[in-house]
Amino acid sequence: TMNSLNFLVSERKMEIYKIPNEIVSLILSYVHKSAAEVDERLDINDEKRIPPTSRQSLYLSHICSHWRSLACSMPELWTTLSNLQHPGSVSHFIRLSKEKALDVTFVARTSMFRIMPAISSSFMRRDSFLGLLIPLSKRWQSFDLTFLPDGDDEEVDAVIPGLVETFRKVKCNKLAKVSFRLGGWFNGDRSGSSASSIFSSWNAPKLRNSAVTDFIPSAPVSKGVTSLTIDLVDDLSDTFDYGEIFEFIGLHPNLSKLDIRFRPSNFSMFRAIRGTTFQGGLDLPSLKKLQINVPISETYDFIKDLLRSLSQPTLEDVTLDFRVVLQEMEDDDLDKDLSLNFKSELDLCLRELSRHESLRSFSLEVSQEDRTNPYHSNNALDCIFTHLPHLEHLELCTPDLPAPTVREVRAPLRTLNLIKC
């Protein structure tokens, strides 16, 4: 966008204030949308940065008086609010957003804990951002809460009650999407923790999309949720029973889309309690789309147990995204064992999927490594065609697997996408 502006101004000698309002409006809208996408990649631990959406709206409104007047007349440019932006700009954004729906982000940093009081009733009074935004909760269309403590448990537990009390009985009539990250809170039912009760008293009748990161609550976000993302990032200090993840999923009976991502480096700490049977334990009659992003090794049981736990074979679209985890030193014997194990486990996972005759779309992704990995001897196509004969759409993104051999196009297959193969 800026390159195009430079071209108009320098090459075509167009005076910027003479650009038609319709073109300027498109530019402003495009930059705002692009900045919102960058927001998702913002390093929230960088206290010197402000959200790109907030920054760009202000930058664009300062190019010239004409652009400022036009930007201030477009309320959609001022609907993204965060406590990371300059405190003085928040009320400015609220005023210019008029009555438009708001996207709200609240990040609690470690540096804030020293000034946040333990007394819950005074929590909101001490935070000017929440003091301005809580009364406007009926206008929220999305809310992102990030809480990343580095302090000890006692310090954190002193803050949680105030955070919970702040959102008690909040009325969010337009809220459609929420995202929560509570670092280190894998078990929301931890003794003495009230973190899960953040959701219990919300009034959000339109809430359908939810994401939780490093936090497995003991209560549903909302039983009306149809799309749920569970993202596990932080390393664990102790083993964690992934059966609790299944229990949390089961609290949302109307799910149609489920996305699970495992990213801790010590992912092997996620295990099921020995002897646990998951067969048919999850009743999700509307679940159509499933995405699982996990490292290869140690997570096969999780995938198989999740598929076994589904009481009804309703899946239509499944993505298995594996990240290759290799030892630093090459070992041919170990590589051979890893390859054979991957082939065997992939076959077992697909056997579990074969129960879903409704499955029409399947994607298999295996991340590429700098060196040839031990999985290059596997040809996934034969395994997929054997167990999933009803597929209409198949996508493989497997740079380190061999070039797939397509002996015949199997009916009813309509599309076959081979990416980096």
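Mentor: Ala, Val, Leu, Ile, Met, Phe, Trp, Tyr, Cys and Pro count as nonpolar, Asp, Glu, Lys and Arg as charged, and the others as polar. Keep that in mind for this predicted model.

Trainee: What makes residues in the lining of the largest cavity nonpolar, polar or charged?

Mentor: Go by residue type. The lining includes Leu353, Leu359 and Pro389, and Leu and Pro count as nonpolar. The tally is five nonpolar, four polar and no charged.

Trainee: How many cavities of 30 Å³ or more are there, and what volume has the largest?

Mentor: There are three of 30 Å³ or more.

Trainee: Why is cysteine 383 called buried?

Mentor: Buried means under 20% relative accessible area. Cysteine 383 has 14%, so it counts as buried. Cysteine 397, at 16%, therefore counts as buried too.

Trainee: How do you know that the structure holds zero disulfides?

Mentor: A disulfide needs two cysteine sulfur atoms within 2.5 Å. The structure holds zero disulfides. Take cysteine 383: the nearest cysteine sulfur, that of cysteine 349, is 9.3 Å away.

Trainee: Which residues does isoleucine 384 touch?

Mentor: Beyond four places in sequence, isoleucine 384 touches Leu350, Phe362, Leu364, Leu391, Leu394 and Leu396. Ile384 is also among the residues with the most contacts inside the largest nonpolar core, which has 103 residues.

Trainee: Where does pLDDT stay under 50?

Mentor: Over residues 41-50, for one. Residues 117-121 also stay under 50. Where pLDDT is low, the predicted coordinates should not be read in detail.

Methods:
Residues numbered from 1 in each chain as written. Predicted model: local features only at pLDDT ≥ 70, side-chain atom pairs only at ≥ 80, totals over all residues. Heavy atoms only, no water. 1 Å grid on protein atoms, 1.4 Å probe; cavity = no way out; pocket = protein on both sides within 12 Å on 5 of 7 lines; lining within 4 Å. Points joined across faces, edges and corners; volume = space filled by probe spheres on them. pLDDT = per-residue confidence, 0-100. Contact = heavy atoms within 4.5 Å. Core = buried A, V, L, I, M, F, W, Y, C linked by side-chain atoms within 4.5 Å. Buried < 20%, exposed > 50% of the residue type's maximum accessible area, 1.4 Å probe, protein only.
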